[in-house]
Every structure is written in structure tokens, then in C-alpha cells.
Amino acid sequence: MKQLYKSKSNSSKLTAGALVLAIASAVYGQDATQGTTNSPATSANSAGTNAPVAKPFFSLQGTDLHIGNLPPITFHGFASQGYLGSTTYDYLGKSKDGSFEFSEFALNASVSPFAHTTISAQAFCFDVGNVGQYDVSLDYAMVDYNVCNEFGIRGGRIIRPEGIYNSIQSIDLARTSIILPQGMYDARWRDFSASIDGGSLYGDIGLHKGGDVSYEVYGGMANLAPNGGIARLLEDSLRNPPTQYLDVNGFPEAGIQLWWNTPVQGLRAGVFALYAFGVSYDYKLNIPPAFGGGGYHSVLNVPEEQFSLEYQWKSWTFQAEYRYEDLYSHNVINGITTTPTTHTAEDTWYVSAAYQANHWLQVGAYYTEDYANVANRTGDGTAVPSDAYQKDFALSFRFDPKPWWVIKLEGHAINGTALIADGQNNPNRNGREWYMLALKTTVSF
Amino acid sequence: MKLTNLKTLAAGIVTLWFSAAGLLAQSGVDVVANNSVATASLDKAALKDILMGKTAYWPGGEAVTIVVLTDKTDAALQEATGMSGSAFKTFWQRLAFSGRGKQPKEADTVEKVLAIVAETKGAIAMVPAGTTLTGVKKIELK
């Protein structure tokens with residue numbers, strides 16, 4: 001069954017990669033075969049003068065597909081393939097043995113058929129270890145109506161704003177590093193962290209000499225994939241009898257992201273808040289009912305805040321973010337709360353710097369800390385103290401040999417196991433430092 | 001030839017060389033747009049809002065399409081947005097792949113830029129000042 005699934009995954013990966021590369025070839029091959037992409041087409045007639053040639057019904061100009069006289073449909077896409085290797089632990093896949101299960105593919109299309117309106121959609125598939133498995137999903141599909149700079153509406157499946165990187169966490173070519181600070185932007189949770197089904201209100205309000213404030217308020221349903229990061233995490237934590245994991249459920253959430261673009265050129269500050277209502281999962285306790293056995297429905301309510309700072313100065317980019325998250329949990333059986341609400345709080349932060357040396361080389365570094373329980377940051381008194389924290393120093397090199405091609409190399413020195421605390425893959429964990437190497441390449445159009 | 005004349009000649013040659021290398025500041029560019037764009041002039045703040053994606057539609061409702069003359073207008077982009085050419089491209093890739101904007105079109109010659117602007121409704125671009133403009137309109141930069 002595992003071999004069959006792996007075969008299907010490889011097949012999906014090859015199909016997705018081939019599709020992106022084929023479209024990219026068609027786009028970049030146009031200049032070679034047609035000269036300028038937009039020269040008016042003419043032909044000589046019997047009188048010896050040039051007359052306009054009728055435009056074909058379907059035509060591809062750059063990344064625009066023209067169909068008759070309709071507004072053009074614009075396509076873009078990318079394909080990323082990475083490699084992860086690590087010492088001591090498996091992280092984001094079977095990295096101790098070296099893992100190529102680290103890929104992303106995306107293809108999007110957009111069209112503006114009416115005034116102030118854009119319709120867009122993006123298909124996406126990814127694989128990070130045993131998460132994603134190249135299942136194609138709709139990353140976003142929405143209608144965007146822009147009333148004015150200060151107010152707009154988006155509806156459908158929309159990308160969630162959260163801090164600097166949430167909306168672009170899977171877009172390798174949009175940043176210097178390969179792996180983002182994982183305590184804040186966990187690659188395994190992409191199935192629900194990236195987008196929601198709902199809507200948002202957005203806009204940009206000028207403050208005259210005070211810069212301007214950008215806002216986006218959203219609400220909707222977050223969907224959890226059956227083979228997504230949360231599902232895998234619950235499967236692992238509940239795999240030992242008598243517990244038996246059953247299912248994880250989507251949940252409603254609402255949030256707001258504010259950015260103050262200050263009067264200082266390149267400096268902006270952000271604040272984000274969300275409330276996730278009733279993140280729930282189901283499991284069974286296979287013991288006699290008299291001892292509490294039966295089906296359980298566990299519910300989490302999660303308020304979260306995130307603060308961001310970014311400064312772009314000449315060829316430098318400096319960033320810092322902090323996130324704090326409360327988790328309120330209780331069990332429900334037959335609509336009745338059976339256990340008192342428990343509370344834990346997690347937090348994480350990072351600082352980073354990146355330097356654009358020239359048009360083909362960027363160098364970046366970041367340091368991040370993640371804590372599973374702010375009340376016990378050192379893990380004292382717990383079975384595995386290193387599960388309380390994970391600290392990571394990363395150094396990245398990004399090369400852009402062509403405008404459409406990115407190559408990256410990255411190293412990590414990590415202390416702690418808060419983000420790899422899964423008993424199945426890493427049963428023996430301690431506080432010793434461990435290391436990770438990441439390589440990645442991306443083509444785009 | 002006197003030394004001062006030689007120095008003047010050398011300065012002129014250096015200036016010409018830098019211009020040829022494509023380091024054009026905003027004072028050295030013209031803003032052009034598709035003939036469908038009704039706007040006749042833009043101030044620098046309005047141009048910045050367009051280049052940063054904050055203004056995504058023209059007053060008539062047509063979507064803005066930015067066309068970039070790669071490398072040769074980096075200085076003008078830096079002056080208008082505070083971002084280098086590479087940073088500008090990355091900024092727009094972030095918007096485009098998160099559904100929040102339409103990635104600018106790129107071309108490596110002025111002729112190609114003008115052709116794209118002429119054929120694309122709502123298009124806007126910066127080209128070297130004094131370029132012969134055919135099929136497009138010039139927008140006055142205030």
C-alpha cells in the first residue's frame with residue numbers, strides 16, 4: 001500500500017512539474033520564435049502594401065492567453081524541488097538519510113473581466129515528508145472587488161494574511177531563506193494555515209505625513225487536510241493504544257492584520273490577531289466505558305497575536321517578529337463538556353537580516369526561538385526537557401543565475417526538539433545541538 | 001587641447017557611459033501608458049501607489065498593468081519605490097502568488113516595452129526620457 005501510494009505521489013509530482021515546465025517553455029520560447037512578442041502582425045497584399053492580419057482567436061503573448069476580444073487571462077507558476085539532510089533527528093521528512101520529499105508546485109490564473117474586479121485562482125501541491133503528498137488543492141480562488149484604495153472586498157478561498165510571511169510561506173522565490181522560522185511558519189501546517197474559505201475587507205488609508213495604514217480583516221472556515229500536518233501530529237500523539245485517532249475537523253476563524261507603513265522610507269510595523277473557534281478532533285479511548293472509554297471530541301479555542309517589524313535600507317532587509325498563542329482545551333461527549341478547560345501558552349520569535357550583494361546573489365541569516373509552554377521554557381521536571389524549546393540559527397545563500405531560476409543553499413544549527421517531538425520518527429530526544437542542510441531550486445514564469 | 005577641455009570631455013564621456021549603462025533616475029525617464037488610460041498626469045505619490053500595487057485600477061475601473069524595462073530603469077524604480085529592481089520583482093512575486101496583485105510584465109528593450117504598453121489596456125511603464133513614443137501616450141509626472 002505504501003509503495004502504491006509512493007508511486008502515485010511520484011506520478012503526481014512528475015505531472016505537476018512537467019505541466020509547469022511545459023507552460024514555462026511555451027512562455028519563454030515565444031521570443032525565440034516570434035521576435036518581439038507584441039509587434040503588430042501584417043502581411044503583404046497584391047498591391048504591395050501591408051495590411052493588418054486578423055488576430056487568431058486563441059493566442060499566447062508572454063504569460064497572457066488571449067481569447068477573442070475578451071480580457072486576457074494571465075498565468076504564472078513555479079516549481080520548487082529541495083533536499084534536506086540532518087544529523088540526529090528526522091525533521092520535515094526522513095532527513096537523517098537525506099530527503100527529497102520537499103517540493104512545491106503552483107499554477108495560477110487571473111483575469112479582470114469587469115471594472116474594479118479581478119477573478120483569480122491558484123492550484124498548489126506540495127510534499128514535506130509525509131505531509132502534503134502532492135495532493136493538488138485549490139490554494140485560492142476568489143473574486144476581488146476594489147472600490148477604491150481605501151476599501152476592497154475579497155470572497156471565496158482567500159490567502160490568510162499573518163505577519164510578513166504567512167501569505168507567501170510556500171513561495172520559495174519570494175524570500176532569501178529556504179526554511180522559514182518554523183515555530184512561526186511551520187511548513188507542515190500549510191494545509192490550514194495558508195488559506196480559508198470566507199472573505200476579507202482590505203484597504204490602505206493614508207495618514208498624510210504619518211505614512212499610511214494597510215488593513216485586512218478576514219473571517220471564514222479553515223480546512224484541515226486528512227494528510228495534513230495537524231492530522232499527522234494527532235495521529236502520532238494518539239497512536240499508542242488504548243487511544244485511537246479518528247478525524248480532525250475544520251474550524252471557523254477570524255483575524256485582522258494591520259501594517260503601519262511609516263514615514264521612514266522602508267520601515268513598517270505590523271500587528272496581527274486571530275481567534276480560532278473550536279479547533280476539534282475526534283479519537284477513541286478503547287477501554288471499558290465504566291472507566292471512561294468511548295468516543296471523545298476534543299476542542300481547542302485559540303487566540304493568537306503576532307507583532308512584526310521590517311526595515312529595508314539600501315541593499316539590506318531587517319526583520320523581527322514575535323507571536324504568542326493561547327490554547328484552551330476541553331473534551332466533549334454527546335454535547336456535554338466532560339473535562340475542565342486546560343490552558344497552555346506558546347510563543348516564538350525571530351530576528352533576521354538579508355543583504356542583496358548584486359542582482360544574482362543574496363545572503364541572509366536568522367535566529368529564532370520557539371517555546372511549547374511559556375510557563376516552563378526550560379522543560380524542567382518534564383520527561384524530555386528539550387521538547388520545551390527549539391532554537392535555530394540559519395545562514396542562507398540565494399543565487400539567481402537567470403530571472404526565472406533560483407538556487408539556494410542553507411545551513412542550520414539547532415538546539416532543542418519542540419518542533420520534532422513526534423515519538424514515531426524521533427523516539428530518543430535530548431538537548432544536544434543538531435544540524436540541518438537544505439538545498440532548493442525553483443523555476444518560475 | 002587644454003587640460004580643462006580634456007576634463008570636460010572626460011566628464012561628458014563618463015556621463016554618457018553611465019547613461020548607456022542604464023542608471024536612469026526619475027529625472028531621466030518618461031512615464032508612458034496605453035491610450036485607453038484617461039489619466040493625463042500623476043504626482044510622485046500617485047506613481048508610487050501604482051508601482052506598489054496600492055492603486056490597482058485606473059479611475060475608469062481598468063486594471064493597471066505595470067511594464068518594466070529590466071535593468072535600465074532600476075534607478076528610477078529605486079527613486080519611486082525605495083526598492084531595487086530585484087527587490088521590486090520579489091515584492092510583486094509575493095503579491096502575485098498570494099492573489100493580491102498582478103505581476104508586472106518585463107521586457108529588455110524599449111521597443112518591446114512600448115509594444116506591450118501599446119497593446120495592453122491599462123498598461124503603464126517608465127522609459128528613458130526622450131524616447132520616440134509611438135502608439136502610447138505620455139503621462140506628465142508632477
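Analyst: One term first: pLDDT is the predictor's confidence in each residue, on a scale from 0 to 100. You'll want that because this is a predicted model, and chain A has a stretch, residues 31-49, where pLDDT stays under 50.

Let's start with the overall plan of chain B. There are five helices and six strands in it. Of the 142 residues in chain B, 43% are buried. If you take the contacts in chain B between residues at least 6 apart in sequence, 69% of them join residues at least 24 apart.

Now for the sheet. Six strands of chain B make an open sheet with mixed pairing, in the order β2-β6-β1-β5-β3-β4. Look at the β4(B) end: strand β3 (residues 65-69) of chain B runs parallel to β4(B), and three bridges link the two. There you can find B:Leu69 opposite B:Ala107 of β4(B).

What does α5(B) pack against? Its buried residues sit against β1 (29-33), β3, β4 and β5 (123-128) of chain B. Those buried residues are B:Lys112, B:Val113, B:Leu114, B:Ala115, B:Ile116, B:Val117 and B:Ala118. With seven of its 10 residues buried, α5(B) is largely enclosed by the rest of the structure.

The other helix to watch is α4(B). Its 12 residues reach 16 Å from the first C-alpha to the last, close to the 16 Å expected at 1.5 Å a residue. Buried in α4(B) are B:Gly85, B:Phe88, B:Lys89, B:Thr90, B:Trp92, B:Gln93, B:Arg94 and B:Ala96. Here the packing crosses between chains: the buried residues of α4(B) lie against β5 (73-86) of chain A as well as α3 (74-81) of chain B.

That brings us to where the chains meet. Chain B puts 28 residues into the contact and chain A puts in 32. On the chain B side, α4 (85-96) and α5 (110-119) each supply at least two residues. The largest share of that side, six residues, belongs to α4(B). Sorted by class, the side of chain B that touches chain A has eight nonpolar, 11 polar and nine charged residues.

Next, the partner. Chain A has a mean pLDDT of 86, and 87% of its residues reach 70 or more. Over residues 1-8 of chain A, pLDDT stays under 50 and the model has zero contacts beyond four places in sequence. Over residues 31-49 of chain A, pLDDT also stays under 50, but here the model has 23 contacts beyond four places in sequence. Where pLDDT is low, the predicted coordinates should not be read in detail.

Strand β14 (residues 267-285) of chain A is antiparallel to strand β15 (residues 294-313) of chain A, with 17 bridges joining them. One of the pairs there is A:Leu267 with A:Tyr311. On from there, β15(A) is joined by 15 bridges to strand β16 (residues 316-333) of chain A, also antiparallel. In that pairing A:Leu309 has A:Ala320 as its bridge partner. A hairpin is formed by β15(A) and β16(A), with two residues between them, and A:Lys314 in the turn has a positive phi of about 55°.

Most residues other than glycine have a negative phi. Against that background, A:Tyr134 has a positive phi of about 60°, and it sits in the loop between β7 (117-128) and β8 (137-148) of chain A. Phi of A:His208 is positive too, near 55°, and A:His208 lies in the loop between β10 (195-206) and β11 (212-222) of chain A. Are these two residues buried or exposed? A:Tyr134 is buried, because 21 other C-beta atoms lie within 10 Å, whereas A:His208 is exposed, with 7 other C-beta atoms within 10 Å.

Note on methods
Residues numbered from 1 in each chain as written. Chains lettered and ligands numbered in written order. Predicted model: local features only at pLDDT ≥ 70, side-chain atom pairs only at ≥ 80, totals over all residues. Pairing = 2+ DSSP bridges. Helix = DSSP H or I, 4+ residues; strand = E, 2+ residues; numbered from the N terminus. Contact = placed C-beta atoms within 7 Å. Nonpolar A, V, L, I, M, F, W, Y, C, P; charged D, E, K, R; others polar. Buried ≥ 20, exposed ≤ 12 C-beta atoms within 10 Å, placed from the backbone. Expected span 1.5 Å × (residues − 1).
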